Amino acid sequence: MTSSPWSSNILKLVQRLNNFHAAGSSKVHCKPFVVDGITVGTILPNVLTQIRKYPDIFAVIKTTDSDEHVTLVPSLLTFEERTQKVNEVVQEFRKKDLFVTLRGWRDEMYAVGRSFSDRPFFMMERSAACLLGITQYGVHLNGYHRDVNGMLFMWVARRSLSKPTYPGKLDQLVAGGIPCGSNTRETLIKECAEEALIAESLAANAKPVGTVSYVFEDERGVFPEVQFVYDLELPESFTPKASDGEVSDFYYWPISKVKEMIATNEYKFNSALVVLDFLIRHGEVSPDTGK
């Protein structure tokens, strides 16, 4: 069976988002990052070279003659101590301009732990999380409307050119990372207000519909990511408004155009995957045929 150009491009999108598991990736050369016996991250060789320079904070432990993992030194016992010391290292990396990811410093702290719902071992700067291959969590909101004729439309945002990542790309109506200490609902309400001026009374109607996850690597580091996805059916009278400078434009497109656009380089690629999930759940794309 010959696949359509759209299906072929979508397959490439999925493969790109999971390139860390593909042949030729850096995966085989990485070392696990372990805290309190739990693997919480993955460290690339170029990051490991720098981490070895801080033996008072990081320990490289040999498990077999050919295997080793990275952990924190035993003297760092508390959440506060670990957070302080790890971020001292990250700040030094930043001052020395060792890693391109740190040029997009966020001043936003991400949790490092066993899973999203567990108590974190420590927290660290968002832009540095990929250096340790820490799982990053976010929320994505599909804002849509179905008209009186049953036609489906979706609101699409275009990211500001001043964004440190993926400037000018198309995106979900609302999306954002979940900082340490926040939950999905709190983050969703906050991002709705900041990015699109969606009132809390309206945002509260958003329905959690699942998660989208993937692991990719690029020049910045390793990104295991989990996106908590929400759908929000919006009234016909609603028009989003940019309020925090992170969005340059909003578009109200028929779902056929949105489907077309996610298969292009115009879309931020993880957001395109979230839209694909929406299309499948709403019967716009068959999971069997990809049409």
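**Figure 1. Burial and overall dimensions of the protein.** In this predicted model, 50% of the 291 residues of the protein count as buried. The accessible surface of the protein comes to about 14200 Å², and carbon and sulfur atoms account for 51% of that surface. The protein contains 7 helices and 13 strands. Its radius of gyration is 20 Å, close to the 19 Å that the globule rule gives for 291 residues, so the protein is as compact as a globular protein of that length. Taken along the principal axes, the C-alpha atoms fill a box of roughly 65 × 50 × 30 Å. Among the contacts with a separation of 6 or more, 63% are made by residues 24 or more positions apart.

**Figure 2. The largest nonpolar core and the elements that contribute to it.** This core has 37 residues, of which F33, F58, F122 and M124 touch the most other members. Two or more residues each come from strand 1 (31-35), strand 2 (38-43), helix 2 (45-51), strand 3 (58-62), strand 4 (68-72), helix 3 (79-95) and strand 6 (122-125). Of these elements, helix 3 gives the most to the core, with 4 residues. In soluble globular proteins, nonpolar side chains tend to be buried together.

**Figure 3. The segment annotated as a Nudix hydrolase domain.** An unreviewed UniProt entry places the feature "domain: Nudix hydrolase" at residues 123-277.

**Figure 4. R158, a buried arginine in strand 8.** R158 is found in strand 8, which spans residues 152-159. The relative accessible area of R158 is 19%, and because the cut-off for buried is under 20%, this residue counts as buried. Leaving aside neighbours within four places in sequence, R158 is in contact with G168, K169 and L170, with E246, V247, S248, D249 and Y251, and with E266.

Conventions: Residues are numbered from 1 along each chain as its sequence is written. This is a predicted model: local features need pLDDT of at least 70, side-chain atom pairs count only at pLDDT 80 or more; totals for chains, interfaces and linings use all residues. Side-chain values use heavy atoms; hydrogens and water are left out. A nonpolar core is a set of buried Ala, Val, Leu, Ile, Met, Phe, Trp, Tyr and Cys residues joined through side-chain atoms within 4.5 Å. Buried means under 20% relative accessible area, exposed over 50%, partly exposed in between (1.4 Å probe, protein chains only). UniProt positions are given in the numbering used here, feature names are shortened, and annotations may be inferred rather than shown by experiment. Contact means heavy atoms within 4.5 Å. The radius of gyration is taken over C-alpha atoms; the globule rule is 2.2 Å times the number of residues to the power 0.38. Accessible areas come from the Shrake-Rupley method with a 1.4 Å probe; for residues, only the protein chains shown count as cover.
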